[in-house]
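Subject: Structure handover and notes

Dear colleague,

I am passing on the structure we spoke of, and my notes on it follow below. Please read them with the structure open beside you.

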Amino acid sequence: DLNNPEDVKFAIADKKCGDGYKKNLVLAYDTLLRMQGKKWDAPNYKPADRLPFIPLETEIDKLINSVGRRISLFLHVLKETGADPGEALAIEWIDVDRNNKTITINHPVKGHKARIITISRELLNRLDALPKTTDKVFNVKMRTLLKNYNIQRKTAARKFANPRLRKITFTTFRHWKATMEYHKTRDILHVMQILGHKNIMNTLKYTQLVDFD
């Protein structure tokens, strides 16, 4: 009953999900109450502070080479740009600069900044091979893309007898890119720019991850 804050509080507490998701539910309901001029004694959920899973590059490449062509290209874009999956899905052909070999992340999400990322000739050639029938490079819904990826990722994990592959989500590519860039440059401001972060505190966690030397 959305009109009963105590009922909502119990429903959130009883929900089988992480504290991060519960915190978002609390924020959403709190917004609803404020719109109605009401208040409640909101519960306080604190998401666990965990470092992201960082796979080996060989594992990432196995996935890229094992899935279907469209998903493979999407993963390749994620790997080279470090874009959020939603940002990558929104890339338009006008954002791809063939002369300068760059992709402009022009539809940032989650408060990120727009940015320009240099890409390889290999990725550019793969993009050029796609038919350009719409404004967007990937004319597909995220739900469909994710469903197909989950199926093909499971198949790849079985094929290579490597259960770690099943832990590689779309967002994992972003974490991997940030970790590799910091490993190469030791420049946290560079990593911050690649990711489009506005707050350096969101970027600093990548200094704590595996040292690949």
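Buried residues make up 40% of the 213 residues in the chain, and please keep in mind throughout that this is a predicted model. The accessible surface of the chain comes to about 12,600 Å², with carbon and sulfur atoms accounting for 51% of that area. Along its principal axes, the C-alpha trace spans about 55 × 40 × 35 Å.

The secondary structure consists of nine helices and three strands, and their order along the sequence follows the pattern α-α-α-α-α-β-β-β-α-α-α-α. Of the contacts in the chain with a separation of 6 or more, 62% are between residues 24 or more positions apart.

If residues up to four places away in sequence are not counted, Leu75 touches Leu63, Ile64, Val67, Tyr149, Phe170 and Phe173. As general background, nonpolar side chains in soluble globular proteins tend to be buried together.

Helix 6 deserves a separate look, and its buried residues are Leu123, Leu124 and Leu127. Seen down the axis of helix 6, these buried residues fall within an arc of 100°, and therefore they line one face of the helix. They pack against helix 4, strand 1 (96-97) and strand 2.

The aromatic residues come next, and the structure holds four aromatic pairs. In one of these pairs, the ring centres of Phe74 and Phe138 are 5.2 Å apart and the ring planes stand at 90°, so the pair is edge-to-face, as planes over 60 degrees apart are counted. Because Phe74 lies in helix 4 (residues 69-81), whereas Phe138 lies in the loop between helix 6 (121-128) and helix 7 (142-159), this pair ties together parts that are 64 residues apart in sequence. Both partners lie under the 20% limit for a buried residue, because Phe74 has a relative accessible area of 0% and Phe138 has a relative accessibility of 1%.

Phe74 also pairs with Phe170, and here the ring centres are 5.1 Å apart and the planes are at 70°, so this pair too is edge-to-face. It links distant parts of the chain, with Phe74 in helix 4 and Phe170 in helix 8 (residues 170-185), 96 residues apart. Phe170 counts as buried, with a relative accessibility of 5%.

Methods: Residues numbered from 1 in each chain as written. Predicted model: local features only at pLDDT ≥ 70, side-chain atom pairs only at ≥ 80, totals over all residues. Heavy atoms only, no water. Phe/Tyr/Trp six-rings, centres within 6.5 Å; stacked < 30°, edge-to-face > 60°. Helix = DSSP H or I, 4+ residues; strand = E, 2+ residues; numbered from the N terminus. Buried < 20%, exposed > 50% of the residue type's maximum accessible area, 1.4 Å probe, protein only. Contact = heavy atoms within 4.5 Å. Areas by Shrake-Rupley, 256 points an atom, 1.4 Å probe, with all protein chains shown as cover. Arc of directions from axis to C-beta.
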